[in-house]
Amino acid sequence: MSSSPSEAALFLEKHPQLETIDLLICDLNGIMRGKRVGRELLSKVFDQGFYMPGSVMGLDATGDTVPATLLGLETGDSDNLCKPVAGTLAIVPWCESEVRAQVLCTMHELDGSPFFADTRQALCRVVERFSALGYTPGIALELEFYLIDKERDAKGAIQHPRSPSSNRRMSSTQVYSLDDLDDYDFFIRDVLDTARQQGVPADAVIAENAPGQFEVNLDYGTDIMAAADNAVLLKRLIRQVARKHDMEASFMAKPYIDQPGNGLHIHLSLLDAKGNNIFAEGDVLQNSFMRSAMGGLLDLADATQAFICPSVNSFRRLAPDECAPTSKTWGFDNRSVALRIPAAGGKATRIECRTAGADANPYLATAAMLIGIGEGLLNKTEPSTPVVDNAYSQDHPLLADNQRDSLRKMEADPRLGEWLGEDFVRIYGAAKWFDVRL
């Protein structure tokens, strides 16, 4: 939804002490880029937009422009028009030196049309095509992350934080531990309070099964773009709140080689024109819509893995017996498979994709899931037999275990170009192949 100048005027009136505003753009790697401007420019930004080079959508993992994307000096490193996303203008409570705000933005061509390389615009294209199927996705995202002490150990490696209440370094592996939540209640409260102030619908925090690892859940909703926007903003929010408390927050897929990785779990249901969940009809394992959706997701698993496992580190997370999938599998209430149907039935019946790492760009991870389900529904794709018991101890088709294979499979499947645009797949591949060679 487009913003309007009146949104800026009302915000300035409500916050007379506002000094600066961060204009945020999410790049190919899910990293926030942008500008910081004074309050006197906010109305102009909302009325006319602002300019940034399109090359920010062709960066490698270190932040340098990848020549092969053809977005840099090869084509003059030209500017693109950026516009605010309606409803995302908010105060940043973690800034203590001044009253500062932020607003999420998206990139366009100079004529106002969508810029093909913007990941948010890529998801917009997928959502528009998916809508032609006549169903409304309901979606919720869950983000896992580690809190890390800013102090490194004697060898310079990262380490778990110290509990403020006990001054002991975290060592618990008690999943859902309330004691861990109590020890870090100051941080959790700050995250949830900051999310409320910014309109980011974070509704729960749990302690995961590694020291210093937590998961934050976003509310279920039917606005796909808002869901991805909120996931992007939540990652920034968590990092900033951690920094405020003299810690760091890591969304790396595998920050510790001997500990579980961080996932981005995407829960998705489908609603018909009357708002009924079409996955909830009859036996969930025999439901034709569920089977087609699962069939499509499994059929596209090879092609889309490069988007949900975007780095070499992503593949270190996909390990047996760590609740991160290694095979192209699905099943009911089974955390060893890639695509899980949670036990909650009725209106809450849904698919949970467990393959994506927390390092994935939320726009692209969401797009990958919609593409798989969309292809499955269009072609009535039949899935494999649902897995019972431990998928790791059984013989099933495996997911790629390295970035090179995932990129080759992405480039070999023409369906991704049909959904995302061939030029987008090209620049994504160029950037990620460059990362592999670093």
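1. Apart from its neighbours within four places in sequence, T381 is in contact (heavy atoms within 4.5 Å) with R291, S292, G295, G296, D299, E375 and G376. T381 sits in the loop between α10 and α11 (403-412), helices here being DSSP runs of H or I with at least four residues, numbered from the N terminus. T381 counts as buried because its relative accessible area is 18%, the limit being under 20% with a 1.4 Å probe and protein chains only.

2. Please keep in mind that this is a predicted model, in which local features need pLDDT of at least 70 and side-chain atom pairs count only at pLDDT 80 or more, whereas totals for chains, interfaces and linings use all residues. Residues are numbered from 1 along each chain as its sequence is written, and side-chain values use heavy atoms, with hydrogens and water left out.

3. There are two cavities of 30 Å³ or more, a cavity being a set of points on a 1 Å grid over the protein atoms alone where a 1.4 Å probe fits but cannot get out, with lining residues having an atom within 4 Å of a point.

4. The lining of the largest cavity comprises 16 residues, with L297, A301, T304, I308 and C353 nearest its centre. At least two lining residues come from each of α7 (288-299), α8 (301-308) and α10 (362-379), and α10 gives the largest share, four residues.

5. The second largest cavity, of about 30 Å³, has a lining that includes F307, D359 and Y428.

Key
1 Å grid on protein atoms, 1.4 Å probe; cavity = no way out; pocket = protein on both sides within 12 Å on 5 of 7 lines; lining within 4 Å. Points joined across faces, edges and corners; volume = space filled by probe spheres on them. Buried < 20%, exposed > 50% of the residue type's maximum accessible area, 1.4 Å probe, protein only.
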